[in-house]
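Subject: Structure handover

Hello,

Here is the structure you are taking over, with notes on what turned up in it. Please read the notes with the model open.

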Amino acid sequence: MAGLSTASPVETILDKENFTLEELLDEDEIIQECKALNGHLINFLREKNTVKQLIQYIVEEAPVDAEKQRTFKFPFIACEIFTCEVDIILKALVEDEELMDLLFSFLDPERPHGTLLAGYFSKVVVCLLLRKTTPLMNYIRAHPDIINRLIDLIGITSIMEVLIRLIGADEHIYANYVDSMQWLEDMNVLEMIVDKFSSSDCPEVHANAAETLCAITRYAPPGLASKISSPSFIGRLFRHALEESRPKSVLVNLLSVCISLLDPKRLTPGTYYMYTRQISHGSSGAASPETVQGMLESLGNLLKLLDISSEDHVLLTTYGKLQPPLGKHRLKIIEFISVLVAVSSEVAEKELIRLGTVKRIFELFFEYPYNNFLHHHVEQIAISCLESKNPQFVEHLLRDCNLIGRILEAEKDSTLAVNTSRPTVPAEGRSAPRIGNIGHLTRIANKLVQLGNSNSLIQTFLQENSDWVDWQTNVLLKRNAVENVFQWACGRPTALQDRTRDSDDDDYQDRDYDVAALANNLSQAFRYGIYSNDDIDEARGSLERDDEDVYFDDESAEVVISSLRLGDDQESGSLFTNSNWFAFEGERIVDEHSSGSTASSSPNTKDTKGHEGVGGADDEDLADTATSDPVQQIPTLDDDASSKFAAQKPPLPNGELELELEGQPDDGGPDKTVASPTYADAPADSSKTDGNKVLSARLEPNSY
């Protein structure tokens with residue numbers, strides 16, 4: 001009714017003769033009203049003085065003695081007003097150069113750059129970049145020093161995100177505003193970013209600069225993408241990376257850029273992964289031969305860093321000590337080599353053979369038997385070498401690197417050797433532990449056997465080694481049988497042997513589960529305590545709980561789905577259906593009141609009719625009993641639904657089915673029922689066990 005409607009608090013403030021912006025920002029409903037395009041409010045927020053005051057909250061740090069609202073709430077609300085994307089407010093900002101100067105004054109070197117305000121600044125600029133691209137790019141083009149100041153603050157992640165979007169590493173902007181972005185390709189943006197590796201010792205600066213370059217390799221316009229992959233630019237990267245006086249973070253992060261150049265689809269562990277998308281421009285294919293050649297020129301100097309003889313650093317571990325530890329920079333070099341090998345460049349393979357790169361990496365594999373990161377990359381190198389179309393590369397791995405012999409040697413003596421001259425030394429006074437790379441060696445051995453069936457060169461090396469033939473027969477085959485998880489029983493369904501997926505998540509996505517219905521069933525299940533027959537009092541007490549205590553969302557339902565999975569039979573009426581589980585409970589109570597005695601039998605009895613009799617019209621009766629005394633609302637055979645209960649043959653308490661005696665009418669009396677055949681009498685077919693009968697077994701655990 002119009003007479004009962006009340007004005008919103010925002011309108012109440014706006015109707016006052018004298019009010020301040022702070023009063024509006026302190027009102028909780030201002031964002032909602034802004035999104036609802038409240039005309040009175042929008043007209044006030046579009047005024048220049050108001051927009052100026054909002055920007056000041058975003059770019060100016062609050063005084064030390066300021067209240068919390070000024071420090072936290074007002075800057076947040078000001079940012080949210082802009083990101084509501086009200087066109088008239090954004091237009092008032094972007095078309096006024098004085099206001100734009102105030103906004104980008106946040107980048108001034110003399111200003112403090114807190115991460116909180118930097119995040120708000122970033123959100124406003126990105127919003128303008130997406131909604132007012134051309135005016136914003138025209139302003140930045142007229143003030144090129146903005147790019148320099150953004151690069152100077154690249155160590156702040158929020159500023160890095162602005163820079164990434166600004167220089168064209170954003171599909172939306174580049175695809176729709178090519179003309180506005182073209183001028184950026186003529187600037188020395190890449191060179192200015194790379195120079196941050198030499199002008200700063202901060203690891204955050206190095207990481208964000210590398211992440212920006214990686215984003216350019218994936219999504220930038222062709223001009224920038226071709227420039228960053230040129231041999232001259234790659235040489236510049238390696239000169240910075242191999243400079244001895246620089247921190248190791250320079251080498252690690254610049255190698256991430258090189259890895260991204262070799263494999264643009266490979267994601268780095270940086271922050272900008274959230275913007276990954278289908279690449280529609282830029283470098284989307286394999287690395288060009290010129291790019292690979294530019295990296296090979298510095299490969300020799302890079303491999304010298306794998307030498308550990310000159311280091312004396314010692315790291316104590318639970319199994320002994322490392323002297324020295326492998327180090328993150330060496331691990332990154334090996335990762336770079338694994339990606340380089342995967343490129344399948346014949347020129348690169350010849351250079352790797354000449355430098356003995358693969359042989360040195362396998363030595364590290366055995367010298368550091370507990371570094372699983374190292375083992376993973378070495379396994380990838382071994383597989384890439386074995387799958388190479390270059391026979392010389394395959395022969396180099398098998399003959400010069402003695403891959404087969406090293407595998408057999410490690411299998412023969414699988415404990416950590418007590419040798420103080422080696423990098424990994426076991427702890428004194430304790431027995432030497434088993435080396436930790438046997439699993440990776442097993443996978444490499446299986447790959448050898450697999451490829452040997454189609455590669456005569458590999459097969460020749462395997463057959464010539466009698467020790468290998470004996471080990472494969474007596475050890476490898478038996479180990480594979482033991483480690484084949486699809487053959488494990490462990491009380492799990494035998495249908496697992498037929499699984500072809502690697503993940504339960506894939507299986508869940510393929511199955512047509514009604515998650516909402518399942519969540520509702522689970523909520524009721526745990527609310528009424530049907531899984532805890534031994535705790536009746538506790539189950540009854542659960543009726544008094546609030547709905548929030550038993551609420552299951554979709555994510556929780558997924559977890560329970562994976563734990564309750566009974567098999568992969570797509571046609572079985574399992575727990576993952578829309579049927580109401582509590583029809584079993586209702587019918588069980590009916591049978592207990594209508595039958596004087598029941599025969600005990602196995603819950604695994606199979607009968608299709610029992611399943612078809614579940615649910616249906618009984619759901620309403622069950623719903624009525626959910627909020628009242630269950631005993632008073634129990635339907636009996638004297639009710640109007642008695643004929644339907646009798647026709648549907650409800651299950652007895654232990655899952656048995658009521659059967660009609662031969663030659664006698666079915667009058668529903670207790671003396672006219674017999675237990676259904678036991679499991680021993682029924683055909684054995686464990687793979688098609690009815691999920692409903694399994695549930696009845698849960699209802700009566702003592703029937704076993």
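His-377 has a relative accessibility of 9%, and since buried means under 20%, this histidine counts as buried. This is a predicted model, and that holds for everything below. His-377 belongs to helix α26, which covers residues 372–386. Neighbours within four places in sequence aside, the contacts of His-377 are Arg-266, Leu-331, Ile-334, Glu-335 and Ser-338.

Thr-318 is a case of the other kind: with a relative accessible area of 71%, and exposed meaning over 50%, this threonine is classed as exposed. Thr-318 sits in the loop that runs between β1 (315–316) and β2 (320–322). Its C-alpha atom is 8.0 Å from that of Ala-427, although 109 residues separate Thr-318 and Ala-427 along the chain.

Between β2 and β3 the antiparallel pairing runs over three bridges. Leu-322 has Thr-424 in β3 as its bridge partner.

Next, helix packing. A packed pair of helices is described by two values, the angle between the axes and the distance between them. For α5 (residues 48–59) and α8 (residues 97–104), the angle is about 10 degrees and the axes are 9 Å apart. Angles under 35 degrees count as roughly parallel, so α5 is roughly parallel to α8. On the α5 side the contact involves Lys-48, Val-51, Lys-52, Ile-55, Gln-56 and Val-59, and these meet Glu-98, Leu-99, Leu-102 and Leu-103 of α8. By type, the residues of this contact are six nonpolar, one polar and three charged.

On to the aromatic rings. The count of aromatic pairs is 11. One of them joins Phe-106 and Phe-121, with 5.0 Å between the centres and 25 degrees between the planes, and is classed as stacked. Phe-106 is in the loop between α8 and α9 (115–131), while Phe-121 is in helix α9; the two are 15 residues apart, and the pair links distant parts of the chain. Both Phe-106 and Phe-121 are buried. Phe-106 and Phe-121 are also members of one aromatic cluster, together with Phe-104 and Tyr-139.

Phe-362 and Phe-365 form a tilted pair, at 6.2 Å centre to centre and with 55 degrees between the planes. These two residues lie in helix α25 (residues 357–367), three residues apart, which is about one turn of the helix. Because an α-helix has 3.6 residues a turn, residues three or four places apart point the same way. Phe-362 and Phe-365 are both buried.

Last, helix α27. Which residues of helix α27 (residues 391–400) are buried? They are Phe-393, Val-394, His-396, Leu-397 and Leu-398. Just past the end of α27, Asn-402 has a positive phi of about 50 degrees.

Regards

Conventions:
Residues are numbered from 1 along each chain as its sequence is written. This is a predicted model: local features need pLDDT of at least 70, side-chain atom pairs count only at pLDDT 80 or more; totals for chains, interfaces and linings use all residues. Side-chain values use heavy atoms; hydrogens and water are left out. Helices (H or I, at least four residues) and strands (E, at least two) are DSSP runs, numbered from the N terminus. Buried means under 20% relative accessible area, exposed over 50%, partly exposed in between (1.4 Å probe, protein chains only). Axes are lines fitted to C-alpha atoms, for helices over the stretch in contact, and angles run from 0 to 180 degrees between N-to-C directions. Angles under 35 degrees count as roughly parallel, over 145 as roughly antiparallel, 65 to 115 as roughly perpendicular and the rest as oblique. Contact means heavy atoms within 4.5 Å. Ala, Val, Leu, Ile, Met, Phe, Trp, Tyr, Cys and Pro count as nonpolar, Asp, Glu, Lys and Arg as charged, and the others, Gly among them, as polar. Rings of Phe, Tyr and Trp (its six-membered ring) pair if their centres lie within 6.5 Å; planes under 30 degrees apart count as stacked, over 60 as edge-to-face and the rest as tilted. Two strands pair if DSSP finds at least two bridges between them.
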